[in-house]
Amino acid sequence: MNVVIVGAGMAGVQTAVALREQGWAGRIRLLGAEPHQPYDRPPLSKAVLLGKAEGSAFEVDFASLGVEVELGVEATGLRAADHQLDTVRGPVDYDVLVVATGAEPVRLPGSEDVPGVHLLRTLDDAQRLRPLLVEQRGIVAVGAGWIGAELATAAREAGCEVTVVEAADRPLAGAVPAEVAAHMTGWYADAGARLLTGARVAALEEGAVVLEDGTRLSADAIVVGVGARPATGWLAGSGIELAPDRSVATDDRLRTSLPDVYAVGDCASFPSARYGERLLVHHWDNALQGPKAVAANIVGAGTETDEGVYDPVPYFWSEQFGRFVQYAGHHADDDELVWRGDPAGAAWTVCWLRGGVLVALLAVGRPRDLAQGRKLIERGAVLDRGRVGDAGVPLKAA
Ligand code: FAD
């Protein structure tokens, strides 16, 4: 039996590793479009960008695992009836296919061919940006999301002049509510970066970002960080079911609508019984945990073990402006928000409760809250509201 994994990022690599860990003895081929040895992405906006690390290749001994890594092989189509992939190097047969093609950054229309406009998704992107930081060039980042904040952090640390333009009225508008984001806005100024909110980009030109109000911001380099979309364009015409957000729509075992085809990581969404909705998670931990479920389903085909059901408590972290920011769970707008600690200070946590049950938390410089809270979320524990609000006592079930 031959497993073919398309996409040699975190999710693809971890699928290969998990298959061997769980006893898969058949052939494993790992196909990746990029020419580089498979590498980890989080360091790209941190140590790699600052030159503190040359690269971030995974420390996985593919040869001893018996995993055939094939680089520079982009998949271009899928013909499920034939159990065959089309690639730039010709057709590839599979018995089981795992789609792990991740996500690709959203580009601003018309910016594709403008010199000096950068993205930050790949090792090549980070290596193109790095000399500009060394030369302390003036940088304008478009988007004050996770990537924009991390880029601004690194660029300020390198001594660059940094302006971040954000169309919304606050940073991280898609991720946290206004009352939480309000306490993050000042982080930019404290680090010496200029944050312009409510600033809509009209055009990107060589050397300048032009805003809709006519403001022209000079920039040696422009970095666009306005989100990422599942890299699923190559599946057009394959008949695979996609969700409206273009992710591969899987079931709770990460099986797709096509026989013997799974999908995992940034390219896939799954129905969460825990949260009662379909989730598309673009974070590292999802690309680490999902593959374990995929491997359990492939190895135990037909047995439907519990290990194959994927319903995680999502988790991610971000390092911005000298702060370690962590989030676990998934909250909705109408969940009750409870503060732990002073948000004007260096360390604080926000908890979201639904009917007294902890469903999510955001911890800034409070990793213990995160660790304790994550376990409580997994258990669906009811918390005492007064105790949650007391940063001096550990988070604990009521
Ligand atoms: P990817 O990492 O995108 O890998 C997919 C691979 O598939 C790519 O190498 C791509 O080239 C390849 N591919 C695509 N199409 C094809 C095709 N047709 N044929 C063959 N190969 C193909 N998450 C956190 O939780 N914390 C962080 O601090 C954090 N920092 C990040 C910093 C940066 C700069 C970036 C970009 C992401 C960061 N993330 C972070 C998110 C995290 O890295 C991703 O969630 C994770 O990489 C997803 O893994 P993946 O394997 O699903 O997708």
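**Strand β1 and its partners in a predicted model**

Visitor: In which sense do β1 and strand β2 pair, and over how many bridges?
Guide: This is a predicted model. Strand β1 covers residues 2-6, and strand β2 covers residues 27-32. The two pair in the parallel sense, and the bridges between them number five.

Visitor: Which residue in β2 does N2 stand opposite?
Guide: N2 belongs to β1, residues 2-6. Its place in the pairing is opposite a residue of β2, namely R27.

Visitor: What is the handedness of the β-α-β crossover from β1 to β2?
Guide: The chain leaves β1 and passes through helix α1, residues 10-21. From there the path reaches β2. The crossover is right-handed.

Visitor: In β7, which residue is the bridge partner of V4?
Guide: Strand β7 spans residues 96-99 and runs parallel to β1. Four bridges join the two strands. V4 has as its bridge partner L97.

Visitor: How many of the five residues of β1 are buried?
Guide: Buried here means 20 or more other C-beta atoms within 10 Å. Strand β1 is mostly covered. Its buried residues number four.

Visitor: What share of the 398 residues in the chain is buried?
Guide: The chain holds eight helices and 26 strands. Its radius of gyration is 22 Å, close to the 21 Å from the globule rule, so the chain is as compact as a globular protein of that length. Buried residues make up 43%.

Visitor: What percentage of contacts with a separation of 6 or more joins residues 24 or more positions apart?
Guide: The C-alpha trace spans about 55 × 55 × 35 Å along its principal axes. Among contacts with a separation of 6 or more, residues 24 or more positions apart account for 60%.

Terms used
Residues are numbered from 1 along each chain as its sequence is written. This is a predicted model: local features need pLDDT of at least 70, side-chain atom pairs count only at pLDDT 80 or more; totals for chains, interfaces and linings use all residues. The radius of gyration is taken over C-alpha atoms; the globule rule is 2.2 Å times the number of residues to the power 0.38. A residue is buried if 20 or more other C-beta atoms lie within 10 Å of its own, exposed if 12 or fewer, and partly exposed in between; C-beta atoms are placed from the backbone. Two residues are in contact if their C-beta atoms, placed from the backbone, lie within 7 Å. Two strands pair if DSSP finds at least two bridges between them. A crossover is right-handed if, with the strands pointing away from the viewer, the path from the first strand over the helix to the second runs clockwise.
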